[in-house]
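User: I have a model open and want to go through some local features. Can we start with the backbone?

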Amino acid sequence: MKDKKLLLIVNPRSGKIQSRSPLFDALGVFSDAGYLVKIHNTVGACDATETVAAEGANYDAVVCVGGDGTLNETVSGLMRLENPPILGYIPRGSTNDFAASLGIPRGTVQAARTAMAGEARRLDIGRWNRRYFVYVASFGAFVRTAYTASQDAKNALGHFAYILEGMKDLNTLRPYRLRITADGEQLDGEYLFGAVCNSTSIGGLMKLDPERVVLDDGKFEMLLIPNPKTAIELNNLILALLNQEYDRGGLVFRHVSSIHMETEDEVPWSLDGEYAPAVPAVDIENRKQALSFLLG
C-alpha cells in the first residue's frame, strides 16, 4: 500500500513553551497513522503561504503547528490550490481562538491524536477582498493590538500581552463612519468596532454562544458596536458586552453570507490577528465548506 504524505508547517516561535519533545511525539502519531512526514519550519511572514501554495498539492494532508496567524497563512496557501489536501491544526499560539471553537486540545500530542483519529469535515473560509481569513475579520477599536504586540511578549504573557498593547490604544479610540450592505440589509452609521467571524471566540475575550455559530453553514456572524451618543447608550452597550447579550444594548448582530463596506475613514483591519491595510471598500464573502479539516 502506498504511504500517504503529510506536510508539517511549523512556526518555531509560536507559543510559550519552545520544547521540541512534544512535536517529536506528534511525529510518531502521524507515522503510526501511515504518513510520511516532511517538516517545514517557517522563516518569516508569508513563508507558510508560499510553501503550501507551491508544495501542498503533492501531499495528502497539511498540518499547521502554530498560532492563529500561522493557520491563516497555511489556509491562504491551500486556497490557491485547485484540489487542496485536508488540513490539520496543532495550536501553539497565545490565543488559538479557532482551535477553541473546534474543540482541539491545546496539547501538541493530544491535538495530533485528535486529528488522526477523526474524520475530515468541510468548513467555511472567508475572503476579504483578495485575502482569506479562517475565523475573523475585524476593524476598529483594539484590532491594532493583534499585530503590534511582539511575538516575544505574546509567548511570555499570553492574553495579557494583548491587554497591555490595547491600553496604548485607549487615547485613540474613535468611531468610524461606514456604509454597510449585509445580505441586502443597509446599515449606515458610526461604529467603534466590527467583526465578521466564524468562531465562538474573538481575541480570546469576546465569546459567542456555540449554539448560534455553525462553522459550515455558509454564514458568518457579524457583530457591530455602534458609537454611543449618550451616557445611557454607553451603559447599555457595556452591559450587553459584559453579559454577552449581542442582540441588546444597541449592538448589531446578524448571520450573513456576504458584506460590502464603504468608508472615507482610515479604518484599521485585522484578519485572524494579522494586519490588513485600510482601504475605501471591502467585500467579504463566505466560501462555504471550502476546506476539509481533520477533526476528532
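User: Where is D183 found?
Analyst: D183 sits in the loop between β8 and β9; strands here are DSSP E runs of at least two residues, helices are H or I runs of at least four, and both are numbered from the N terminus. This is a predicted model, where local features need pLDDT of at least 70 and side-chain atom pairs count only at pLDDT 80 or more, while totals for chains, interfaces and linings use all residues. Residues are numbered from 1 along each chain as its sequence is written, and side-chain values use heavy atoms, with hydrogens and water left out.

User: What is the phi of D183?
Analyst: D183 has a positive phi of about 50°, although it is not a glycine. Most residues other than glycine have a negative phi.

User: Which residue does D183 form a salt bridge with?
Analyst: D183 pairs with K219, and the closest N and O atoms are 3.3 Å apart. The term covers a side-chain nitrogen of Lys or Arg within 4 Å of a carboxyl oxygen of Asp or Glu. K219 is in the loop between β11 (206-207) and β12 (220-226), and D183 is in the loop between β8 (176-182) and β9 (185-197), so the bridge ties together parts that are 36 residues apart in sequence.

User: How many salt bridges does the structure hold?
Analyst: The structure holds 12. One of them joins the side chains of R248 and E245, at 3.0 Å from N to O. R248 counts as exposed, with 51% relative accessibility, whereas E245 is partly exposed at 31%. E285 and R287 form another, with the closest N and O atoms 3.2 Å apart. E285 is partly exposed at 37%, and so is R287 at 25%.

User: Back to phi. What about C46?
Analyst: C46 also has a positive phi, about 70°, and is not a glycine. C46 lies in the loop between β2 and α2 (47-55) and is partly exposed at 45%.

User: How many disulfides does a search of the whole structure find?
Analyst: The search finds zero, a disulfide being a pair of cysteine sulfur atoms within 2.5 Å. As for other cysteines, C64 is buried at 0% relative accessible area, and C197 is buried at 1%.

User: What does H40 touch?
Analyst: H40 is in strand β2 (residues 35-41). Not counting residues up to four places away in sequence, H40 touches L7, L8, I9, V10, D47 and T51; contact means heavy atoms within 4.5 Å. The side chains of H40 and T51 also make a polar contact at 3.2 Å. That term needs a pair of N or O atoms within 3.5 Å; within protein, one must be able to donate a hydrogen and the other to accept it, and residues adjacent in sequence count only if both atoms are side-chain atoms.

User: And D25, where is that?
Analyst: D25 is in helix α1 (residues 21-32) and is partly exposed at 48%.

User: Last one: which helix holds I238?
Analyst: I238 lies in helix α9 (residues 231-242) and counts as partly exposed at 43% relative accessibility.

How values were computed
Buried means under 20% relative accessible area, exposed over 50%, partly exposed in between (1.4 Å probe, protein chains only).
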